[in-house]
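User: I'd like to learn how to read a fold from its coordinates. Could you walk me through this one, feature by feature?

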Amino acid sequence: MASITLEGLKKTYTGNVNAVKGIDLHIEDGEFVVLVGPSGCGKSTLLRMVAGLETITEGTLKIGERVVNKLEPAERDIAMVFQNYALYPHMSVYNNLAYGLKNRGFNKDEIEQRVRIAAKMLEIEEFLERKPRKLSGGQRQRVAMGRALVREPAAFLFDEPLSNLDAKLRVQMRVEIKQLQRRLRTTSLYVTHDQLEAMTLGDRLVVLNAGQIEQVGTPMEIYARPATLFVAGFIGSPAMNMLSVDYLKAQDANGLLDNLPAGTDIVGIRPDDMHLTPPAVPHLAVDSTLALFEAAGAESHLYVTLANSEQPTVIRVSGQPPVAEGETLRFYIPREALHPFDSTTGKRTNTF
Amino acid sequence: MVENRPWANFFAHTVLIIGVALVIFPVYIALVASTQAPGELVRGTLPLLPGHHGIENYTQMWQSGISTANSPSAALMLWNSFVMAMAITVGKLSISLLSAFAIVYFRFRFRMFFFWLIFVTLMLPVEVRIIPTFQVVADLNMLNSFAGLSIPLIASATATFLFRQFFMTIPEEMLEAARVDGAGPLKFFKDILLPLSITNIAALFVIMFIYGWNQYLWPLIITTDPNYTTIVMGIQRMTSEENPQWQLVMAAVVMAALPPVLVILFMQRLFVKGLTETEK
């Protein structure tokens, strides 16, 4: 086990394409860090640079105290779980798990012992003699994890390992990965584009956009205080509503918005911070028309069109809406729920 | 299918039977002809039932051949053909596997140039380059040798190209997983690539073996020593005699047809197995 340190990591492809534009990150020993971002943000490239599958254009990568920039993947003491599992189709599950150990010159008994332990942990003992093609998606996923596990590496790298599974299995595997990591306490770096997966799995999240870090923090920190407009829109589902300050000021009779931080011209409001009944704290009231109502079981999403505005807005409430589609709806926003941003810099304007 | 239409079944079977008969009949005639007494086949009517001289004809062909036609015993000719075909097949497969491996998995300067160079040679079959190749082989003192028979035919653009196409369908993650698992290039080749290519290897083995077995022009010009006569050459020589002994020629033909059939039967198990076990 070891920490992972990234210092000014850059990746430039031929043709001067900057996929990763200087990443500084320190991952503590035993920590579970999730890299999250939209497709093309460089998260997979970054992970592959840590794995040693992509060369590092600039910067230093340390695993433990060792600089591993120039080392082969096998020498970095990491194990990787691939999106499409990349199991060797002609080998039995047992041999899939054992292959890495064989290449490292472990003796037969040791291999046997380690494979058995990993198989037991992942509950794939009964499949050990089967070929990967005879397994279901979830079982293949476990084998892929097993292949990483047997090696007892310093770090696990996950490259969107759950995106090929169906929704139900994904939730189940998510829980299992988390439990496994808790138990083994192996440093883990996990890449996903799914913000829910990122929120639930990570000890810390790293939100990436266009090859740069937007924000690093615990899931709740990032959710409660997104540092940029990008993070605000990316984390949380339904996405945060963005309203211009000018529009809100027109609805504001009590001067609640007069003391917004300097430079604020747009505010974000989480769909769950919009209430249909007036809260006890200072709040704004906004009129709208209910355009569409989406029932999701425990909660409902109300798509509304604001009076005198084109801005699409979503409200999350529990249970049924009080009005039918097409009718007017008044909702209330507590003053403290506003996330102030400067749209030109894209940054949050209050820093307390 | 779970349809039950007697007439359709009947019709289908009739077509199939006619087709099979068309293919089998000449083979049957060859078998019948190889069991006739000397002179029986030149009378003008072709017998349709086997004669009584089968063992005699085959023994003579196998042991001594026809010395007047300068063709040695079939045993020797079959052996020569077999060695040549095997050398060509194994050589072609190993070289094309390795070059496809290099072209797909290694980034070196002029990689595409070399690929196209190989590809262009597809357009140059033996017949086109036969005179310069003969000169080279003669200068290297490889006339009348197995090396001369097989080495010039070993380079294979077709197989290289097919393996390249196959390797490119193997997901890149397979290579990456192997790298993380500590397998170097040769280990990856041996442990992952070769087992995955087994179907293609089996199919190409059959094609290449038959290609090598059927070589005619090249062995004809490269060997003068009867000890290196191949079966295809031998049959040709026997038939160009003034009074060909057809019953012996047919015995040689039947024997010449057997090894390719055996190779197909043996390899078929491999590629049927391969086809049904393909991942995804």
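User: Among contacts in chain A between residues at least 6 apart in sequence, what percentage join residues at least 24 apart?

Analyst: Happy to start there, with one caution: this is a predicted model. A contact here means C-beta atoms within 7 Å. In chain A, 66% of the contacts between residues at least 6 apart in sequence join residues at least 24 apart.

User: And what is the overall make-up of chain A?

Analyst: Begin with the secondary structure: chain A has nine helices and 17 strands. Along the principal axes, its C-alpha atoms fill a box of roughly 75 × 45 × 35 Å. Of the 352 residues in chain A, 39% are buried, where buried calls for 20 or more other C-beta atoms within 10 Å.

User: How do I read a sheet, say the one that six strands of chain A form? In what order do they lie?

Analyst: Follow the pairings from one strand to the next. Here the order is β6-β7-β8-β3-β9-β10 of chain A, an open sheet with mixed pairing. β6 and β10 (212-217) of chain A each have a single partner strand, so they stand at the edges and each has one side without a neighbour in the sheet. On average, neighbouring strands are turned by 20° against each other, ignoring direction.

User: Which way do β7 and β8 of chain A run, parallel or antiparallel?

Analyst: They are parallel: five bridges connect β7 (residues 155-159) with β8 (residues 187-192) in chain A.

User: Which helix lies across β6 and β7 of chain A?

Analyst: That is α4 (residues 137-149) of chain A, and its angle to β6(A) is about 175°.

User: What about a hairpin? How many residues lie between β14(A) and β15(A)?

Analyst: Look at the pairing, then at the turn. In chain A, β14 (residues 299-306) and β15 (residues 312-318) are antiparallel, with seven bridges, and A:L302 is opposite A:I315 in β15(A). Five residues lie between the strands of this hairpin, and A:N308 has a positive phi near 60°.

User: Last one: how many residues of chain A are in contact with chain B?

Analyst: The size of an interface is often given as the accessible area lost when the parts come together. Here we can count residues instead: 18 of chain A are in contact with 15 of chain B. On the chain A side, β6 (78-81) and α2 (93-103) are the elements giving two or more residues, and α2(A) has the largest share, with three. By class, that side of chain A holds 11 nonpolar, four polar and three charged residues.

Note on methods
Residues are numbered from 1 along each chain as its sequence is written. Chains are lettered from A and ligands numbered from 1 in the order in which they are written. This is a predicted model: local features need pLDDT of at least 70, side-chain atom pairs count only at pLDDT 80 or more; totals for chains, interfaces and linings use all residues. Helices (H or I, at least four residues) and strands (E, at least two) are DSSP runs, numbered from the N terminus. A residue is buried if 20 or more other C-beta atoms lie within 10 Å of its own, exposed if 12 or fewer, and partly exposed in between; C-beta atoms are placed from the backbone. Two residues are in contact if their C-beta atoms, placed from the backbone, lie within 7 Å. Ala, Val, Leu, Ile, Met, Phe, Trp, Tyr, Cys and Pro count as nonpolar, Asp, Glu, Lys and Arg as charged, and the others, Gly among them, as polar. Two strands pair if DSSP finds at least two bridges between them. Axes are lines fitted to C-alpha atoms, for helices over the stretch in contact, and angles run from 0 to 180 degrees between N-to-C directions.
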